[in-house]
Every structure is written in structure tokens, then in C-alpha cells.
Amino acid sequence: MKKYIKNLTGGNKAGTVKLMSNNIVYKKYDLTIPRSKKLFRNEIKFLKHLEYCDFVPKLIKYNKKKGSLYMTYVGDSIPDTPENQQRISQLIKSLHLDWNLMRHENNKPIYRRSTHNSVINKDNKMFIIDLGSKRFKIVGPKKIIN
Ligand SMILES: Nc1ncnc2c1ncn2[C@@H]1O[C@H](COP(=O)(O)OP(=O)(O)O)[C@@H](O)[C@H]1O
Ligand SMILES: [Mg+2]
């Protein structure tokens, strides 16, 4: 599709993540591994659910048979500081209360998340990425506008 620029390293290693030209991220999951397949399905489902949320990447296209997806590139990784952690917690809380996607453990909301799974872009705006995690769960209808 687009020219490949560089590899983006992932924590989970469920597959490959590449930055393409035109600020597009290509992510490919290994569908032969049941856990990866589940992460892939979840990521598609949750990105669709959050289509109008302004602090997650936009899903551009995907291929269910290949386990691949394209989404917008939203910036570079951020340092793990208490201030950043607090901002991430606010976004995770908003995902739950405003967007009906809860991060949870045993069905109790948890608003903590490692900065390794979040990014910040140039104009100091923070985004939540890597939404496949089994800790996320849809708890209400999709919101159409913010
Ligand atoms: N939409 C995106 N915008 C910017 N960077 C991204 C995006 N998606 C992934 N990355 C980068 O690629 C890394 C790995 O992607 P991630 O979705 O966390 O994959 P994994 O499932 O392997 O953890 C992230 O830590 C981040 O640095
Ligand atoms: Mg990750």
C-alpha cells in the first residue's frame, strides 16, 4: 500500500507494527496464535467503537483474514513521569465514562496504564493506543459524536 519507513517496537509482540509514509501505522497480528487473534479482533472492535473519539487513532482499513490493519500515526512515545501517568489516567477514565470502553480487572474499573502504551504528539496532545488488550471491555453503546 504505502512505503515503509521504520519498525515501531511493541511490548506484547503479538505481531509487527510499522510506520509507513503518510503518517500511517501498519499493524499485523499472527492469526495462528489464538491470543494474537483475540487481540486483533478486539483492536478492530474497539477502534470502531471509538470512531469519533479524538484521543485514539483512526482505523483506516483492515483485513480480517490477514490479521492486518492500518490506522493513523498519532505521535511519539512519552516518558514515564507522574504527570504523564496522571494525564493517561484521565483519558482512561474518559474512555469508560464518556465512551463506554472500560479498562478493568475482575469487572472493576482501573484507570492506570503504563506510558509505554500511550503516545503524545507534537502539540502536546495525548492519545491512547494499543486497544486490543483484554482489559478493555465495551460497557455501553457506541458514541457517535463527542
Ligand atoms: N497509531 C499509532 N501512532 C503512533 N505510534 C504507534 C501507533 N500504534 C503503535 N505505535 C507505536 O508502536 C508501538 C507498538 O504498538 P502497539 O500497538 O503497542 O503494539 P503491541 O501490540 O505490539 O504492543 C507502540 O508502543 C508505539 O510506540
Ligand atoms: Mg503495546
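Tutor: A term to begin with: domain bounds here come from an automatic or database domain assignment. Also, this is a predicted model.
Student: OK, what is the chain divided into?
Tutor: Domain 1 (4–72) and domain 2 (77–138). Their C-alpha centres lie 17 Å apart.
Student: How many residues does the contact take from each domain?
Tutor: It takes 13 residues from domain 1 and twelve residues from domain 2. On the domain 1 side, nine are nonpolar, three polar and one charged.
Student: Switching topic. How many helices and strands?
Tutor: The chain has two helices and eleven strands. Along the sequence they run β-β-β-α-β-β-β-α-β-β-β-β-β.
Student: And the inside? Which residues have the most contacts in the largest nonpolar core?
Tutor: Leu50, Val56, Leu101 and Ile128. That core has 22 residues.
Student: Which element gives the most to this core?
Tutor: Helix 2, with four residues. Several elements supply at least two residues each, including helix 1 (34–49) and strand 7 (101–105).
Student: Last one. What's the radius of gyration of the chain?
Tutor: It is 15 Å. A compact globule of 146 residues would be near 15 Å, so the chain agrees. Its C-alpha trace spans about 35 × 30 × 30 Å along the principal axes.

Key
Residues are numbered from 1 along each chain as its sequence is written. Chains are lettered from A and ligands numbered from 1 in the order in which they are written. This is a predicted model: local features need pLDDT of at least 70, side-chain atom pairs count only at pLDDT 80 or more; totals for chains, interfaces and linings use all residues. A nonpolar core is a set of buried Ala, Val, Leu, Ile, Met, Phe, Trp, Tyr and Cys residues joined through C-beta atoms within 7 Å. A residue is buried if 20 or more other C-beta atoms lie within 10 Å of its own, exposed if 12 or fewer, and partly exposed in between; C-beta atoms are placed from the backbone. Two residues are in contact if their C-beta atoms, placed from the backbone, lie within 7 Å. Ala, Val, Leu, Ile, Met, Phe, Trp, Tyr, Cys and Pro count as nonpolar, Asp, Glu, Lys and Arg as charged, and the others, Gly among them, as polar. The radius of gyration is taken over C-alpha atoms; the globule rule is 2.2 Å times the number of residues to the power 0.38.
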